[in-house]
Structure formats: C-alpha cells, structure tokens
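I opened this notebook to record what I looked up in the model, one topic at a time. The entries follow the order in which I turned to each topic.

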Amino acid sequence: MANLVMFIILAVVILGSAVLCVTTKRIMRAATFLLFVLFGVAGIYFLLDYTFLGAAQISVYAGGVTMIYVFAIQLVSKRTLQGFEERVKSSKMIAGGLAALAGLVVVCLILLKAGFYTQEIANVEVPMKEIGLALVGSGKYQYVLPFEFISVFLLACIIGGLVVARKEEKDV
C-alpha cells in the first residue's frame with residue numbers, strides 16, 4: 001500500500017513538473033522543472049529497487065544534463081533571451097495534439113498485439129556483473145557504441161555552446 005501511495009505521489013510530481021516545464025515562459029524555471037522530473041523518475045527507480053538505475057539517473061541526468069542546460073542558458077547573452085517569446089498558432093497546437101494522439105494509438109495497438117499485458121515477469125535478480133557487461137560490452141545487444149556516440153555528441157554540444165557564446169557582433 002505504501003508503494004502505491006509513493007508511486008502516485010511521484011507520478012503527480014513527474015506529470016505536473018513536465019507540464020510546467022513545457023508551458024512556462026521562463027527558461028530557468030523550465031530547467032528547474034526538468035530537474036524535478038528527472039528526480040521523480042529516479043524516485044520510481046528506487047521504488048522498484050533498481051538502485052543502480054536510480055543512482056545513474058541522478059548522477060548522469062539530474063546532475064550532468066541539467067547542469068549542461070543551465071550552463072548553456074547562462075552562456076547565451078541576455079540580449080538574445082530578452083523579448084524571446086514564440087506565439088504558437090492554434091492550427092499547430094491542434095496538429096501536435098493529433099500527432100500525439102496518433103502516437104498513443106499506435107503504441108497501444110502494438111502493446112495489445114504483442115500481448116505485453118499478459119506476460120509474466122520473472123522474479124529473478126540480475127547480477128551487477130551482467131548489467132556492467134551489457135553496458136560496456138561491444139557484442140550484440142551491448143551498449144558501448146551508443147555511450148561513446150552520446151559522449152562525443154555532448155562534447156560537440158558544449159563546444160558549439162561556447163562558440164555561440166563567444167561570438168561577438170562586429171559593428172560595420
């Protein structure tokens with residue numbers, strides 16, 4: 001019963017923060033709400049006794065990615081962010097809602113067709129050594145190549161942010 005109550009609390013925090021993250025007009029508040037979403041997801045991992053994934057969620061996403069966002073926001077000049085307001089047309093909002101609804105229908109149909117809801121979950125604990133080998137192995141269904149790609153991609157984003165931040169307009 002306590003797990004259900006904690007799940008409901010975490011779900012409300014995640015959903016509320018996600019909605020506030022995409023609807024706020026202040027960029028620093030959006031980064032803060034994103035941080036709350038990532039902490040909520042880590043809380044769900046801890047609730048499921050996936051302590052490794054919860055710790056990785058906090059250290060990599062809540063700590064690292066959010067700090068990259070905050071640094072990028074701080075590096076951009078205030079003149080660029082002042083008066084930055086995008087008006088969304090109602091036709092784009094309706095099209096986005098229809099696309100999201102179509103995606104939800106496709107996911108539900110795939111889950112129903114695959115029989116995902118009837119599969120029993122084995123009550124077997126996976127050793128940490130197997131998780132580590134899957135994360136840093138180079139064989140089939142192992143993830144060293146995506147990790148390397150993401151690290152190079154994040155480095156390119158940081159360098160690009162620095163280049164944009166240091167770019168000064170020349171008066172002609």
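This is a predicted model: local features need pLDDT of at least 70, side-chain atom pairs count only at pLDDT 80 or more; totals for chains, interfaces and linings use all residues.

**Entry 1: overall make-up.** I looked up the secondary structure and found seven helices and zero strands in the protein, so that, in the order used by the numbering from the N terminus, the elements run α-α-α-α-α-α-α. I then checked burial over the chain, and noted that buried residues make up 13% of the 172 residues.

**Entry 2: a nonpolar surface patch.** Which residues form the nonpolar patch on the surface? I listed Met 1, Leu 4, Val 5, Met 6, Phe 7, Ile 8, Ile 9, Val 12, Val 13 and Phe 36, which together have about 970 Å² of accessible area. Helix H1, spanning residues 2–23, gives the most to this patch, with eight residues. Phe 36, another member of the patch, is found in helix H2, which covers residues 27–47.

**Entry 3: Phe 39 and Val 13.** I stayed in helix H2 for Phe 39, which is partly exposed because its relative accessible area is 39%. I compared its place in sequence with its place in space, and found that Phe 39 and Val 13 are 26 residues apart in sequence and 9.4 Å apart from C-alpha to C-alpha. Val 13 is itself among the residues of the nonpolar patch.

**Entry 4: Asp 49.** Where does Asp 49 lie? I placed it in the loop between H2 and H3, and I recorded a phi near 65°, a positive value in a residue other than glycine. I set this against the general rule that most residues other than glycine have a negative phi. Asp 49 counts as exposed, because its relative accessibility is 64%.

**Entry 5: Thr 66.** Is Thr 66 buried or exposed? With a relative accessible area of 2%, Thr 66 is buried, and its place is in helix H3.

**Entry 6: the largest pocket.** I noted about 880 Å³ of space in the largest pocket, and 26 residues lining it, of which Tyr 50, Phe 52, Leu 53, Ile 131 and Leu 135 lie nearest its centre. The elements that give two or more residues to this lining are helix H3 (51–75), helix H6 (128–136) and helix H7 (144–166), and the largest share, eight residues, comes from H3. By residue class, I recorded 20 nonpolar, four polar and two charged residues in the lining.

**Entry 7: Met 128 and Phe 52.** I finished with Met 128, which has its place in helix H6 and is partly exposed, because its relative accessible area is 48%. Met 128 and Phe 52 are 76 residues apart in sequence, yet their C-alpha atoms are 8.6 Å apart in space; Phe 52 is one of the residues I had listed nearest the centre of the largest pocket.

Notes
Residues are numbered from 1 along each chain as its sequence is written. Side-chain values use heavy atoms; hydrogens and water are left out. Patches are made of residues with over 30% relative accessible area and no salt bridge: like charges are joined within 9 Å, nonpolar side chains (Val, Leu, Ile, Met, Phe, Trp, Tyr) within 5 Å. Accessible areas come from the Shrake-Rupley method with a 1.4 Å probe; for residues, only the protein chains shown count as cover. A salt bridge is a side-chain nitrogen of Lys or Arg within 4 Å of a carboxyl oxygen of Asp or Glu. Helices (H or I, at least four residues) and strands (E, at least two) are DSSP runs, numbered from the N terminus. On a 1 Å grid over the protein atoms alone, a cavity is a set of points where a 1.4 Å probe fits but cannot get out, and a pocket is an open set with protein on both sides within 12 Å along at least five of seven lines; lining residues have an atom within 4 Å of a point. Grid points are joined across faces, edges and corners, and a volume is the space filled by probe spheres set on the points. Ala, Val, Leu, Ile, Met, Phe, Trp, Tyr, Cys and Pro count as nonpolar, Asp, Glu, Lys and Arg as charged, and the others, Gly among them, as polar. Buried means under 20% relative accessible area, exposed over 50%, partly exposed in between (1.4 Å probe, protein chains only).
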